[in-house]
Amino acid sequence: MDDSFMYINSAQNLADGNGLRWLAGDGKLHPLIHFPPLFSIVLAAFEKFGLDAVFAARMVNALAFGFNIILCGLLIERFTHSQLLAILGGIIFLCSDVLIEAHSWAMSEPLFLSLYLGSLLMMVSYLKHPQRKWIIAAGVLLGLSFLTRYLGIALILAVMLTCLTAPSIPKSRRWKDLITFAVISLLPVILWVGYTILTIGSPTDRAFDFYLITSKQILRAFNTMLVWFIPGRLVNGHEILWLAALVVCGILLWLFGRKRIPPDEVAADLKTRYSLLLFLLFQFVCYIPTIFLSKSFFDPLTPLNNRILLPLLPILLVFLMLLLQFLWRNGNLIRKTGLVLCVFLLLGVYTYRATDIIPRLHENGLGFARKSMHTSPTMAALRTMPRTPLYSNSPYAITMWTGLPAYGIPTVDVLRQNMMDEDALLVIFDAVSLDLYDTDLTTLTQGLEKVAEYRDGTIYRLNTQ
């Protein structure tokens, strides 16, 4: 939710002529560095035309959802040459609860996916017909993707590796096209890093340190991706078995597939297919290690959840459609019947998840824009109270809905001292967990008195008696 505030508040300040900045708890505007700028710039453009940034985010992400379904279907069609599989992949994308939720937050993932999937389509065209216009288009889109999410740098690297190794690209033009792509895609990276150095004196606001990533975290990431396609009750606690099964199946499919290649496809067509598969694999080879490196050295709080792993979901969908096509072409009647049943079962799982999440999102919303925030009596009370420093377990929500700066919760001792020195108030929202602040309500409010209590939150001050 804090991410949403950063994007929206920065967009509002940019539209107001205050630069790409967000309002911090100290009441000062701070430059947007922790997050890349493109999503905020897009929202600021809508603000300039009189549309509220929150509404603009809703509209942009809704349009991106429809656009991404089409892009995913086109990508599958380009790999499988099957309109039926393209439609099936589009339906799965449409009904994915993970993708539905991702497009419901006021965050940058939908725009990032549009740029990323567009770049994949350009690269597929390039690998099939190596022409410079395709690699230039891919470079532009991936350069913009970095300005939307920093992990776009991993996808730029994936294209570079493809340019160097794909057998469908003539050796005479590999380095030329690689340099062309690198110049175009890395230019936004260089410009933004230069801006951050000039602004804060460092290429990033993240402190370098070493945070050992654990095997439990890796298994959690694997679990997240499995649950995209398999009910969680069949996965949870059995991740090692699933990993072993997938490795064995992958080896068997590779051995079986080698024997099934027709002799007349051993030339150019096979080179193109191999290049396309290599390109898909490079998405994993580059993206997952980049996440682990970021988490290990710069951002230990990055959760290996649906949001961070989301770009891999469309890639897995393409692999799934290729697998279905391969099994169908090499199956007898019994196998094909079983395959059809599996497809219907998969569609049933996705439909069930979609019908569960859509009504909840429609009724309650998400994050700062959820229904309860529109009618919050705690927010209404803060708007009418005398100006005073505020601390809260949801500081950015306060700034979003009241325009008042607010701090997060420091340690208990620091909070007590600040409340004494600044006559500050503590605002606790019932729906927001205190786990992030490593405390509980009893410990936090000891020695405080209630100023006011509402159905969604409570306001405290220090008891000086």
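Two strands pair if DSSP finds at least two bridges between them. Helices (H or I, at least four residues) and strands (E, at least two) are DSSP runs, numbered from the N terminus.

This is a predicted model, in which local features need pLDDT of at least 70, side-chain atom pairs count only at pLDDT 80 or more, and totals for chains, interfaces and linings use all residues. Residues are numbered from 1 along each chain as its sequence is written, and side-chain values use heavy atoms, with hydrogens and water left out.

**Exercise 1. Give the strand order of the open sheet and state which strands stand at its edges.**

Step 1. The open sheet is formed by 4 strands in the order β3-β4-β6-β5, and the pairing is mixed.

Step 2. At the edges stand β3 (390–392) and β5 (448–453); each has a single partner strand, so one side of each is left without a neighbour in the sheet.

Step 3. From one strand to the next, the twist averages 30°. Angles here run from 0 to 180 degrees between N-to-C directions, and axes are lines fitted to C-alpha atoms, for helices over the stretch in contact.

**Exercise 2. Describe how strand β4 pairs with β3 and with β6.**

Step 1. Strand β4 (residues 425–429) pairs with β3 in the parallel sense, over 3 bridges. Ser-392 has Val-427 in β4 as its bridge partner.

Step 2. On β6, the sense is antiparallel, and 4 bridges join this strand to β4. Ile-459 in β6 stands opposite Val-427.

Step 3. Now take the side chains of β4. Leu-425, Val-427 and Phe-429 point one way, Leu-426 and Ile-428 the other way, and all are buried (under 20% relative accessible area; exposed is over 50% and partly exposed in between, with a 1.4 Å probe and protein chains only).

**Exercise 3. Name the residues that touch the most other members of the largest nonpolar core.**

Step 1. A nonpolar core is a set of buried Ala, Val, Leu, Ile, Met, Phe, Trp, Tyr and Cys residues joined through side-chain atoms within 4.5 Å. In soluble globular proteins, nonpolar side chains tend to be buried together.

Step 2. The largest core has 124 residues, and Trp-228 and Ile-398 touch the most other members. Helix α6 (residues 109–128) supplies the largest share of this core, 12 residues.

Step 3. Apart from this core lies another, of 12 residues, including Tyr-391, Ile-409, Ala-424 and Leu-448.

Step 4. Leaving out residues up to four places away in sequence, the contacts of Ile-398 include Met-379, Leu-382, Ser-392, Val-427 and Phe-429.

**Exercise 4. Describe the packing of helices α15 and α16.**

Step 1. Two packed helices are described by the angle between their axes and the distance between the axes.

Step 2. The axes of α15 (residues 312–329) and α16 (residues 333–364) come within 10 Å and cross at roughly 155°. That makes α15 roughly antiparallel to α16 (angles over 145 degrees; under 35 is roughly parallel, 65 to 115 roughly perpendicular and the rest oblique).

Step 3. The crossing of α15 and α16 is left-handed, meaning that the near helix is turned anticlockwise from the far one by less than a right angle, whereas clockwise would be right-handed.

Step 4. In α15, Leu-320, Leu-324, Leu-327 and Trp-328 meet Lys-336, Leu-339, Val-340, Val-343 and Leu-346 in α16.

**Exercise 5. Decide whether Gln-325 and His-81 are buried or exposed.**

Step 1. Gln-325 is in helix α15. With 13% relative accessibility, Gln-325 counts as buried.

Step 2. Neighbours within four places in sequence aside, Gln-325 is in contact with Thr-80, Ser-82 and Leu-85.

Step 3. His-81 sits in the loop between α3 (53–80) and α4 (83–95). His-81 is exposed, its relative accessible area being 61%. Phi of His-81 is near 55°, a positive value in a residue other than glycine.

Definitions and conventions:
Contact means heavy atoms within 4.5 Å.
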